[in-house]
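I opened my notebook to look at one structure, loop by loop and helix by helix. Here is what I looked up.

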Amino acid sequence: MEPWPVHPSKLKLAAVSFPDKVLMIAGNNDLNPQTWLEEHGDYLFSYGLLRVKDTHLAEDLVQETLLAAISAKNTFSHQSAIRTWLIGILRHKLIDHFRRQGREVAVGDLVDQDEGDNLDDFFRANGRWIEKPDAFPNPESAFQQKEFWKIFQECLSGLKPKQAEVFLAKEIYGMSNENICKDFALSPTNVWVIMHRARLSLNRCLKINWVD
Amino acid sequence: MLNCKQASQLASRAMDEKLPLWKNIALKMHLILCRSCANFTWQLQFLRKASRRSKSNHSFLLTDEARQRITNTLKDNPAER
């Protein structure tokens with residue numbers, strides 16, 4: 001995969017623009033909590049936002065997560081990346097949140113919804129499309145419209161948790177396949193399957209809500 | 001010959017890595033003959049562009065105010081010694 005351009009939020013922080021990868025490695029396991037917000041704040045925020053669908057709530061969750069991380073700093077085992085560890089804490093915060101709302105959620109509901117290779121919603125038994133994909137309109141004109149981004153975000157929120165999580169990390173935050181496998185404990189084949197499903201679902205959602 | 005399910009799997013995988021040569025040829029052959037799968041690959045490009053754009057263009061970033069508020073709270077937090 002091609003290296004991603006330097007993320008704009010990093011440009012604000014670094015006078016010299018390092019390639020994203022260098023920054024990720026440099027910041028990856030930094031145990032100074034001050035840098036956590038800078039390095040991982042946006043990622044935690046978007047992860048939470050996709051689950052709770054409320055900006056203020058997602059901001060509060062980032063704060064709660066970082067506070068909890070600071071108190072639990074000593075329990076961080078260096079086997080995982082800081083980001084993975086922070087996401088783990090955020091997942092628990094999300095569960096607490098859903099519990100407060102009276103919804104019973106287990107950690108498994110947020111992370112382990114693996115339907116394997118089942119694509120029956122999209123393909124017939126003979127491997128043909130159930131609904132044939134159409135050509136989408138010109139992306140540039142779609143991207144100009146606020147409504148499109150609202151729908152895009154809603155479609156992302158509508159994905160199964162694991163699909164949303166992997167899609168976010170990979171397509172929006174530009175994580176490499178290698179890091180995704182490591183961070184989410186997935187095999188390369190798992191990642192292909194999850195991404196394929198996520199893309200099929202997103203395309204369908206965009207078609208229904210945007211194109212049609 | 002690939003069916004559409006297999007072709008769409010390969011098309012998605014091809015977004016992320018270089019396909020083995022023979023798989024790539026099989027996919028290309030399928031795409032020449034199948035309008036639906038060609039449209040699907042076009043949708044995949046659309047999705048990628050949208051994803052990359054959404055990062056800078058859209059509400060996936062903490063606002064400066066939220067960032068400042070969180071920074072202040074973290075500073076005041078007694079757990080940080």
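**Entry 1: two loop residues.** I started at A:A185, which sits in the loop between α10 (177-184) and α11 of chain A. This is a predicted model, so I am reading computed values throughout. A:A185 has a positive phi of about 50°, although it is not a glycine. Is A:A185 buried or exposed? I counted 11 other C-beta atoms within 10 Å of A:A185, so it is exposed; the cut-off for exposed is 12 or fewer.

Next I went to A:K53, in the loop between α3 and α4 of chain A. A:K53 is not a glycine either, and its phi is positive, near 60°. A:K53 has 13 other C-beta atoms within 10 Å, so it counts as partly exposed.

**Entry 2: the whole chain.** I looked up what chain A is built from. I found 11 helices and zero strands. Chain A has 212 residues, and 34% of them count as buried. I also checked contacts between residues at least 6 apart in sequence: 61% of these join residues at least 24 apart.

**Entry 3: helix α9.** I picked out α9 of chain A, residues 161-172. It has 12 residues and reaches 15 Å from its first C-alpha to its last, close to the 16 Å expected. How many residues of α9(A) are buried? I got 11 of its 12, so I noted the helix as mostly covered. The buried residues include A:V166, A:F167 and A:L168, but also A:K162, A:E165, A:K170 and A:E171. Just after α9(A), A:G174 takes a positive phi of about 65°.

I then checked the record. UniProt, in an unreviewed entry, places the feature "domain: RNA polymerase sigma factor 70 region 4 type" at residues 151-202 of chain A. Over residues 151-202 the chain is 81% helix and 0% strand. The end C-alpha atoms of this stretch are 10 Å apart.

Entry 4: I found 10 residues of domain 1 in contact with 10 residues of domain 2. On the domain 1 side, α3 (33-52) and α5 (82-100) each give two or more residues. α3(A) gives the most, with four residues. That side divides into five nonpolar, two polar and three charged residues.

Which residues touch the most other members of the largest nonpolar core? They are A:V62, A:L86, A:V166, A:F167 and A:L168, out of 60 residues in that core. α3(A) supplies the largest share, eight residues. Domain 1 and domain 2 of chain A both give residues to this core, so it lies between them. I wrote down one general point beside this: in soluble globular proteins, nonpolar side chains tend to be buried together.

How values were computed:
Residues numbered from 1 in each chain as written. Chains lettered and ligands numbered in written order. Predicted model: local features only at pLDDT ≥ 70, side-chain atom pairs only at ≥ 80, totals over all residues. Expected span 1.5 Å × (residues − 1). Buried ≥ 20, exposed ≤ 12 C-beta atoms within 10 Å, placed from the backbone. UniProt positions renumbered as here; feature names shortened; annotations may be inferred. Contact = placed C-beta atoms within 7 Å. Nonpolar A, V, L, I, M, F, W, Y, C, P; charged D, E, K, R; others polar. Core = buried A, V, L, I, M, F, W, Y, C linked by C-beta atoms within 7 Å. Domains from an automatic or database assignment.
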